[in-house]
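Subject: Handover of a structure, with notes

Dear colleague,

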Amino acid sequence: MNSYVGKQITLFQFISIISGSQVSVAVLNLPRKLSEAADTDGWIALIIGWALSLIAGLAIVGVMKYYPNGTLFDLLSEYMGRWAGVLAAMLFALYFFYLMYDGLVRTILVTKTWLLPTTQSFVLMSLLLIPAYSIVRHGIRNVARYAELIIWISLWIPFVYIYTLKHAHWVYLLPLLKEGWLPILTAVKATIYPMLGMVSIFILYPHLKYKEYATKGIVIANSITMLLYLFVTIICYVYFSPEESHLFNDPVISVLKSIEFKFIERIEVPFISFYLFIFSLIWIPMMYLLTYCIAWIFKRESIGIPLRLLIILLAVGTFFYFPTYNINNFLVRQLFWVGLILEYIFPVCLLCYLWLSKFWKEERSSL
Amino acid sequence: MSSSITRITLFIVIMLLLSSCSDQLNLENATTPLVLGMDLDKNKKFHFYLTAPVFSNRIKKKSIEMTGTAKTLRQSRSEQDAQTAGSTQGRNYQVILLGRRMLNYEGWFQMLDVIYRDARNTVTDRVIVVDGSVPEMLYLNPPDQPMLPILLRGMVDSTSSHSETVSTTAHELHRQFLDKGITPYFSQVKIIGGKVRIQGTALVSKAGIYKGMLDAQETVLLRILQKNASPGFSLSYQLPEEPKKSPFSTNTVSFSAGKVKTKIKTSFKNNRFKYDIKVSMVVGLSEHLFPFDVFNDSKRLEDMIGQQVTDHFNALIAKFQKLKVDPIGLGVYARAYEYKAFKKVEDDWAEVLSQADITVSAKVTIASMGPIK
C-alpha cells in the first residue's frame, strides 16, 4: 500500500529506536523494582529477562520475514483479510498510545519532583509536545535520525556513573543467590516493562534498508539495553546498602546526588535536564507509530491530521486531568500485562500460525 | 497559508509559556544559610539554629544567626523567614551540627527527613556533633577565625583526608542508619579555650544514642579496618622496650604508612561469629627518638611496631564490643559470607557482635628509614 522509497532507515537507526524506546524512562526505577523482588541478586534476573526478550524479538523479526514489504497490518490483511489488519492496527494504536502516555507522564512527574515543582503539568506537557510535533510530522526518517543523534550525544553519561564508584561497597553484592532462585525468577517480572518497545519492528521492518540485518539488529539492540541496565543496576547496588535500594524511588538519579564538584552543587539538575532527551526516545517514536496506525486504518499516506489531533488531545486533556505518582505506577503495572501479551505472547503465537498455515498450504499443494 | 498559521500559533504559545517564570528569586532577596544546627534545651525543647553569610559593605559582622523553636525542620521555615530580610533558602547547607544533648534520645535521625525527601536539598553536607551546646558554638564568632561554615567544613575535610576523623555526609549517614550491618559515626567538635577544634569521631548506636568517642589515632585505626584509610596517615607509638628519659618521651617511634592491606575473614562457628582480621602496612619511618640500628636490625623494630599496632587494634575492638557499636561494618561482611546466620540476628547485630570472637594481627614492613641512618 505504501511505498517505502525515500523512507528507509539504516541499521544503526533501527537499533537506536528500539534501544532508545526500551531504556528511556524505564531505567529510572529499574534497580529498585529488581531489588524489591530479589534484593541485590536482582541483576541476575536481568540476564534471564534479556534471554526472554531475545526470543520475543526474534519471533517478531521471524513474523515480518513472511511479508518483508509491508507492515504487520498489511501482513494480517494479506493472510486473514482486512478486518484483521484493522483490528490489529486499532489494538496497536492503543498500545502505542499507552506507551507514549506513560513516558510523557513519567517525564513530567520526574521533572516536577526534581526541577520545576511549581510549574503546572499542562505547561510542561505543552513544552514537551512542541518539539515532538516538529520531529514527528516529518515522518519516520526524521524520527530515526533524531534517535540516532540522541544516542550519539548521550554516550558520555555512563562515564559519569563510574565516578560514583568511589563510594562503592562491592561486598554488598555478596552472597550470590542469597535466597535461592525463586526471588530471582519473581524479579524477572520486573524486567518485562523495561524491555517493551521491540514491537515497533512490526512497523519499522519494511523501512529497513538491509532487511537481512534485522535479526542482527534486534540482538544488538536488546544486548545494548541489557548491558546498560546491568551497569546501572550494579552501580546502584554497590552504592546503596541493600536496605536502601528498596527505598529510593529513582535510584538512578539519587546516585548522582553524591557527586561533588567545586563549581556546581546539585549535579543532578543538569543531568535530569539532559535526560529529557533520552526520555523523549519513548514518546517521539511511539507518537509516530501511533499516528501511522491511525493513518493506516483510514488508508491515508500522510500522518498530519491524526498527529495534530493527538497533540491537541494531549495538551487539552492534561489541562483537565493529570495522573499522580500512584496512578502512574498503577498504569505501569497494567502495562506489564498488556506488554507481555502484545510483545511476547502475540508474536510467538503469530509466528506459529504463519508457519503452520504455510505448512498446510504446502501439504495441500503437494497432494 | 496553513503553515504560517501554525507558526504564529506556535510562536504565541511559546511566548505565553516562557513568560511564566513566576517563581523567580533575586539573589538580593535570598538568605542562604550554610550551617544548620539542631539542639535540645534544658527542657528538652527542640531548637534550630542557622547562620548565613551577609554580603554588605556597611555591616561589620559577616554572618547572621537565626534561632527558634519548632516541631520539625520544615515547619521552622516560616520562623526563619521572619528573622531575615530575604527569603530563606535552606537548600545547600555545608554543615549540619547536632547538639550532644540530642544524642541522648532516640529518633533525632527521623527529624532529618526533609533533607532526604525534598529533592532540591543537597545531601553532601557534613554531619558533625558538637560536644557542648550548639548555640554556644554558633555565637562564638572568634575574630581570628574564618566564618563557622567554612571553618568547620575545612577542618573536617582536611583532617579526614589524613584519616584522623571521618567525613560523614548526610547521604552517608542515611546509609549508616539503614544498613543493618553497621552503626553510624561522624566527627565531633568542641570549643576548647575559646577555639573550635576537632576532637575525633563520635560513635552512636543504631537508634542514634551517643556511645563514645575515638581520638585521632584510634580513628586512623578504624579507617584502616574499614579499608578506607587514605595513604599518608601517620601513627606514633611508644615502645616499652626502649629507654625513656622523662619528661620527654624518647621511646617514641612515628611512621607514615604507604600501602595498607586489610583482609577480613568471616566465619560462624558454635553460634558465634568469628573474625580474623589481618592488616599489613608498608611504612616509612618519620622519627624514632631512641638510638636504633635500623640498617641491620630492622626486623626487630618491625616486630616491635607490629606488636604495638596489634595491641592497639585489639584494644579498639574491645572498646567497640564494650560500647556495643560496629562502625567498621563487620555486619556487612557477616551478611556477605554468613548470610543465613546474619539474617537471624540482623536486628540485634551490635549485641551479637559484642559476643563475637575478633582477632586482629598487624604486620609492619619498613620500606624506608629516611635520610639519616
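What follows is a short account of what was found in it.

The model is a predicted one, in which local features need pLDDT of at least 70 and side-chain atom pairs count only at pLDDT 80 or more, while totals for chains, interfaces and linings use all residues. Residues are numbered from 1 along each chain as its sequence is written, and chains are lettered from A and ligands numbered from 1 in the order in which they are written.

In chain A, the axes of helix α3 (residues 42-64) and helix α16 (residues 325-366) come within 8 Å and cross at roughly 40 degrees; axes here are lines fitted to C-alpha atoms, for helices over the stretch in contact, with angles from 0 to 180 degrees between N-to-C directions. Helices and strands are DSSP runs (H or I, at least four residues, for helices; E, at least two, for strands), numbered from the N terminus. Because of that angle, α3(A) is oblique to α16(A), where angles under 35 degrees count as roughly parallel, over 145 as roughly antiparallel, 65 to 115 as roughly perpendicular and the rest as oblique. Among the residues that meet are A:Leu52 and A:Ala56 in α3(A), and A:Tyr344 and A:Pro347 in α16(A), contact being defined by C-beta atoms, placed from the backbone, that lie within 7 Å.

Between the chains, 21 residues of chain B are in contact with 21 residues of chain A. On the chain B side, α1 (2-18), α7 (170-178) and α10 (330-337) each supply at least two residues.

Chain B itself is divided into domain 1 (25-214) and domain 2 (217-373), with bounds that come from an automatic or database domain assignment. The centres of these two domains, taken over C-alpha atoms, are separated by 32 Å, and 20 residues of domain 1 are in contact with 23 residues of domain 2. Strands β9 (195-204) and β10 (210-214) of chain B each supply at least two residues of the domain 1 side.

Two local details concern the backbone. The peptide bond from A:Leu174 to A:Pro175 is cis, with omega near -15 degrees, and A:Pro175 is found in the loop between α8 (157-163) and α9 (182-188) of chain A. B:Lys44, although not a glycine, has a positive phi of about 60 degrees, and its place is in the loop between β2 (35-40) and β3 (46-53) of chain B.

Terms used
Two residues are in contact if their C-beta atoms, placed from the backbone, lie within 7 Å.
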